[in-house]
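Thanks for asking me to look this one over. Please keep the model open beside you while you read.

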Amino acid sequence: DEFCVILGNCTAEEAQERFINRLQERIRATLGSLTLSSGVVQTGPEDFLDSRLLIRQADQNMYSAKRATKNGNSPHPPA
């Protein structure tokens, strides 16, 4: 399953630290072996991406994270 979360007034780094990492910890604690691959994209505050491009980039980032996890690498490089 795929879903989209929009976080206002939040940089990509903040989204990774505050939301994705906490969500992954909760999933591991609750569901054990279930994994989560995420694609974080930032738009604004100066330039804003078209919604289709934004979703496409997030999707590409998610699949890159999936490939990294399968190859034994960290899915998200340190910020």
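The notes below go from the whole chain to single residues.

1. **Ground rules.** This is a predicted model, in which local features need pLDDT of at least 70, side-chain atom pairs count only at pLDDT 80 or more, and totals for chains, interfaces and linings use all residues. Residues are numbered from 1 along each chain as its sequence is written, and side-chain values use heavy atoms, with hydrogens and water left out.

2. **The whole chain.** The protein chain has 2 helices and 0 strands; helices (H or I, at least four residues) and strands (E, at least two) are DSSP runs numbered from the N terminus. Helix 1 covers 12-31, and helix 2 covers 51-70. Of the 79 residues in the chain, 16% are buried. Here buried means under 20% relative accessible area, exposed means over 50%, and partly exposed is in between (1.4 Å probe, protein chains only). The chain exposes about 6400 Å², and carbon and sulfur atoms supply 50% of that area. These areas come from the Shrake-Rupley method with a 1.4 Å probe, and for residues only the protein chains shown count as cover. Among the contacts in the chain with a separation of 6 or more, 40% are between residues 24 or more positions apart; contact means heavy atoms within 4.5 Å.

3. Take a look at Phe-3, Val-5 and Leu-7, which form a nonpolar patch on the surface with about 280 Å² of accessible area together. Patches are made of residues with over 30% relative accessible area and no salt bridge, with like charges joined within 9 Å and nonpolar side chains (Val, Leu, Ile, Met, Phe, Trp, Tyr) within 5 Å. Phe-3 belongs to the segment before helix 1 and is exposed, at 60% relative accessible area.

4. **Ala-15 and its surroundings.** Ala-15 sits in helix 1 and counts as buried because its relative accessibility is 11%. Which residues touch Ala-15, leaving aside its neighbours within four places in sequence? They are Leu-7, Cys-10, Ile-20 and Val-40. Val-5, a member of the patch, is 10 residues from Ala-15 along the chain, and their C-alpha atoms are separated by 9.9 Å.

5. **A buried polar side chain.** Gln-16 also lies in helix 1, and with a relative accessible area of 15% it is buried. The Gln-16 side chain makes a polar contact with the side chain of Asn-21 at 2.9 Å. A polar contact is a pair of N or O atoms within 3.5 Å; within protein, one must be able to donate a hydrogen and the other to accept it, and residues adjacent in sequence count only if both atoms are side-chain atoms.

6. **Salt bridges.** The count comes to 2 salt bridges, each being a side-chain nitrogen of Lys or Arg within 4 Å of a carboxyl oxygen of Asp or Glu. Side chains of opposite charge can pair when their charged atoms come close. Arg-18 pairs with Glu-14, with the closest N and O atoms 3.7 Å apart. These two residues are separated by about one helical turn, because they are 4 residues apart in helix 1. Arg-18 is partly exposed at 49%, and Glu-14 is partly exposed at 25%. In the other bridge, Arg-52 meets Asp-50 at 3.7 Å, N to O. Arg-52 is exposed at 63%, whereas Asp-50 is partly exposed at 40%.

7. **Cysteines.** How many disulfides does the structure hold? The number is 0, a disulfide being a pair of cysteine sulfur atoms within 2.5 Å. Cys-4 counts as exposed at 59% relative accessibility, and Cys-10 as partly exposed at 23%.

8. **Backbone points to check.** Most residues other than glycine have a negative phi, and most peptide bonds are trans. Asn-9, in the segment before helix 1, has a positive phi near 55° and is exposed at 85%. The peptide bond from Gly-44 to Pro-45 is cis, with omega near 5°; Pro-45 is found in the loop between helix 1 and helix 2.

9. **Helix 2.** Ala-68 is part of helix 2 and is buried, at 15% relative accessibility. Its C-alpha is 9.7 Å from that of Ser-37, a residue 31 places away in sequence.
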